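Reader: Take a close look at one surface patch for me. Then move on to the salt bridges.

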Amino acid sequence: MPRKKGYEQFLSSKLAEGPGVSASEDHLTSNEDAPSPTQSPSNPVSRLLKKEGKKQRTFSAPANRNRIPLHQEEDYSSPSLFDENLVDELANALEKTRVKSQPDLSDAPSSTSRAPFKAPSAVGRRAVITAERLRDTITGAQRDLHMLSKNSVSELIYTTLDNVERHLAYVSKKIKEIHHPDADGQVRAITQEIEGLEQVLCTWRRDYPDNFSPIKIDNSKLFVNTIDKWNTPTLIAYTIALVSRVFEGVARRGSSALLKLLKIYGLSITLLTGGPSLQQTKALEDIPESIETLETRLNMDVPSIPHAVCPCCSYTHPPMYPKNSRTPLYPTHCTERITQDSEPCGAELLFDSKPIKTYHYYSFYEWFGRFIAHPGIEQYGDKFCDDVSATVEVPEVRRDFKDGTFVRSFKGHDGKLYITERGEEGRWLFLLFADFFNVEGNSLHGKTSSTGVTGLVCLNLPPAMRNNQAWVYIPGIIQGRQEPDAKQSEHRHYWRLLVTEFEAGYSRGLRPFHTHTTHQMGLDSNKRIFRVAIAGASMDFKAARPFGGFLDVTSHHTCFLCKCWHLTHIGRTDFENWRPADIAFLKKGTQEWLTAPTIAQRKQIENFYGTRSSELWRLPYWKPTLQLLIEPMHTLFLILEQRFARRALGLDNPEPDGIALDEPEQGNLKRKKAKSSKKKLAYISFYHEFTPPPHPSDLTPLGMGTETGRTSDALRELFDEPEVQDQRLSLLEWNDLTPEQNSARLSRNEQFVSTIQGDPRAFQAVYDLYQSLSSPAPVKEAEKQKFLKKLSSYRWIVLAFVCNNLVEFPTPKHGGEGENEKKVNGLLSRSSLHKGDVTVKMFAQALAHWRLHKVESDRFKWPHFIPKDKQLPSIPWLHLHGKFGKSDLVQHLVEWRMNKPLERLVPVKIDSTYVLQRLQQAVREVITPSWVTRPPEEVGLKRAGTLKADHWRTLFSIHLPLALISIWDEDSPSAADNASKMAPVLQTSMHLTCASIAMTRNNLSLECRNLFRESIRAHIEGLKLNFPGFMLPSHHLSFHIFDFMDSFSNVRNWWAFPFETLIGKMQRISTNHKIGELELTILESICKNATFRRWMMLPDCPELVKFCRNLLDKAYGYDKRNELAQNDADDLQGANPKEVLEYSANPTARRQVTIKFPMDIAKKIGNLNPICFSQVPAPKGFYGTPALQPVGNSYVCYRPPKNSSREASLMGQIRYIFEHGGTTNMAILIQFWDMQQDGNLLRSMQ
């Protein structure tokens, strides 16, 4: 017998029980819960379930009926057995499953008999009616489209096309839900009409593209399967199976087997009470036997778009799908041109008809449709906008992103403020992250394989929810092993689709089919428009530079945020004099780089502008100086703190007897090998306050002002005399030329100068050629040949300009004297010259002849030469020329340098071994709260592994200051012998600690920001004094964190800690370790993980499922309250279900405990038996008594009582926590204070 589906299967098995059965859902227009092949009656689990159900109905029903009425035991409605609708549906169900007794002979050519009459069923009639209604909709759309003409008003055309597209999408979706054979004819006819209508619509859209209306997002399927459709045991079974699939990476076969086992386990539990009841049977039947069915039921699919990536240039080629096919097609070879004049790349894209390299893109539109469909998300977004609009002035103390200046000044597509003047629209801001990581893990430094990932977090969400990985959008995973080539800006290809969608989402807006609000209100669809924008991008330097379109941080264009230029000035601390970078200059450089015809010209452009190309420039609002953030975690913790500890203090596997940085090579061979592996500091003898060079944005390629054509003010300040100018392109005046020859000479000069001024290399070559001609004339034949060869190495334009200036043109070797003179005069009279007229070799021979025979043979300084065959030229610009020759400048610099100190500044010698021992002792012995990340006890040694950013933050905030103060503070009992000498080093280290603490404050005031910047300045000045040569680009860039503290508020809103945590989870995902396949596995796993966790966060989720969610959050590291170091399983032993649920709601809530309370405190508060607790909530985790591990949570710092004469904060240990007068109180034992003041005090906590 054919299989039964959905309601019919349930109805046919329960009809004999009479009342207590209800229809679950209509099967006509939805096949989402169609049973898989494993759910057929032949399946052993199904047979066992039916067998036990029959047994339960035979023997257990009377007993149950005697205990309690069936309608009270079950939760279903109870229609009459002879209800007309019920009988009608039962008849239709039986008719669908009936096997025809006679074959259909209507198509037989010789048959005269007719097929038996078959009355249409109610189900078939409804299917036909539905199809006819859809056909009427298509007919109306065709009529509207037919009434259009090229003469119609544009507004009418766009409106009509939008309506036709909407009707077409609706009919295309609904027609796929009709499966009854009675409507097959109508379905085929409608399908043909849809195809014809699509062709006509495409023709209209070519002339009238939809570039204005909001992007429509169809998220209707998200509102079909709601969580209230299933019982709690069913949901728990879903949870268990999905945990194995999503969190543990179990294969589909294993997860499907687990579903079957859960079904059998549930059945065995029901057998303990006599067999499954109706409700239990439905709960078991709702458990699918395939994990794919379950994932589809919960909308956990990841509809990514596979792009073929060029293995040479990383260009991403989108797929093409033939009609009625799901197999993507790609071009066989790459057609991307690296530059405008270059040939197509031509690299092969396919191997065995499959892409060699693939990039799967998960559309932002798809993600946003799911995002906005979740309960409460739309309200979070609106509340964020309302809070910003309600606060006119920027708060002085900043905590959240909405307290910054950026959100109040950012403008929308219409020129109005994006947030405060949004009208009725929804406005969303996102923060962009990107990084590359070793997919196999980072047990050691360095990456053997580099895989890229991009992520965006929604800044509208509350801080506690914002970085939850359930709400992080991951567009795709960039395939390794090598990163894209930054020199050709190949990173931009992976962001092309992302930026395109965000650009449309900003200018056109997004319109989902439904939001959770509109669905709950029962509206037909959502009419509200949502706009999205990328507020900023926070990445480390290795990712920010290529993705942002800038040169590497080690180039002379170190900073793109200000006009501090050149690596020699990265140690500047005069931030008051720094000017912001010119955004128009950066954008121009990007455009010129992108349109440069050759690779060589691109290099010239990037060396001058410091830019390459980035997709982010396509965003109309993109301003990198305001939106490309200096990521604080990498800058301060992983670079400044780590390298100061390892390189400056030498806390990186030091020698047993201690080594100083860059100590002169001496001692045994082992010591030399150890020192050779350490990076040496730069050779510094003295510091000089050089005048900073002008930024290229203040100059043209020739150092001239872009508007006036005069020497720029910034360049003029470099010289002592403002009137001094470079005159290398100025002409000498010869008095023996005719007016015609002089006019032609000036015309030729304009031709040459226009080319040389646009070419910095040619401009420099003119000076070099003058210097070559000014050298003594060669005497020996070999020297003459070498001189001629050197002259021939110059470019044609340079030789032509100098020959024109000297009026020396080639003389033909053949012909009489009169004929040669005639040819030379012909060149002098020509107003232009080209490479075909005179070759480079001819020009070189003319200049060699001039130097050997026509001027004095001794050395001279240009232009002071003496001709032998004619008068001296006039030099009207001589008083402006000055001494700008390269040799002159070199000579001046050498003389200046020789008058300065020559000996090297020696870094302070540090006993690194002893310092490291004290640091390790501090890590072992210092008691910290459980929420503080504890560094490894063997820090500084190889066996400690790679320290994370949080480890360095903890070391510099707690352990390293305590260790250094204990040995380098002169007042310390354990001070070292050289404590006074090491005081400057201690101060330098403490300034970095102060900067770290000030930067990470939760409540960020202007004083904290200023303290951070001043601490960085003091730290850099200390480095110059104690560790000369130890200077990094990050020292300069760290100053700019101050600026983003103002625009983006607290660094916790935009640092990369949450994103790095997500990368760590990606590294732990089970894959097949095959590059090219594991990327899709990671993308699907992380997206399904987020969908699964969002499903468990639904507000109508049962309490037991919420408890499962809390257990999973803690087990898999999603619960950041990792201070619960105790084994929670022990806490839950013996607890009743109510206690379990209460504890699952808030693991850090007050936990009551029975203890013997001290009599002296009890008498003082007037309560001999107060309610005591072992823990109470804290800003980070909880406070606890010493009996509760870890003991670090019992140490506190608090304000003294009002009756105390002490003003400074006190430190002590919590001994008891109790309730008195409606408030939570603590009995604290004061420690670390004067011995006379030691005692017990009570501190009230409201």
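Author: V890, V894, M898 and L902 make up a nonpolar surface patch. Patch members have over 30% relative accessible area and no salt bridge; nonpolar side chains are joined within 5 Å, like charges within 9 Å. The model is predicted: local features need pLDDT of at least 70, side-chain atom pairs 80 or more, while totals for chains, interfaces and linings use all residues. Numbering starts from 1 along each chain, and side-chain values use heavy atoms, without hydrogens or water.

V890 sits in helix α33, residues 886–898 (a DSSP run of H or I, at least four residues). V890 is partly exposed, at 43% relative accessible area (buried is under 20%, exposed over 50%, partly exposed in between).

Now the salt bridges. The count is 42 (Lys or Arg side-chain nitrogen within 4 Å of an Asp or Glu carboxyl oxygen). E289 pairs with K263 at 3.4 Å, N to O. E289 lies in the loop between α11 and α12, K263 in helix α10, 26 residues apart. Both E289 and K263 are buried.

R1017 meets E576, with the closest N and O atoms 3.0 Å apart. R1017 is in helix α37 and E576 in the loop between α19 and α20, 441 residues apart. R1017 counts as buried, at 18% relative accessibility.

E808 and K854 form a salt bridge at 2.9 Å, N to O. E808 is in the loop between α29 and α30 and K854 in helix α31, so the pair ties together parts 46 residues apart in sequence. At 5% relative accessibility, E808 counts as buried.

Finally, a salt-bridge network links D162, E165, R205, D210 and R508.

Technical notes
Areas by Shrake-Rupley, 256 points an atom, 1.4 Å probe, with all protein chains shown as cover. Helix = DSSP H or I, 4+ residues; strand = E, 2+ residues; numbered from the N terminus. Buried < 20%, exposed > 50% of the residue type's maximum accessible area, 1.4 Å probe, protein only.
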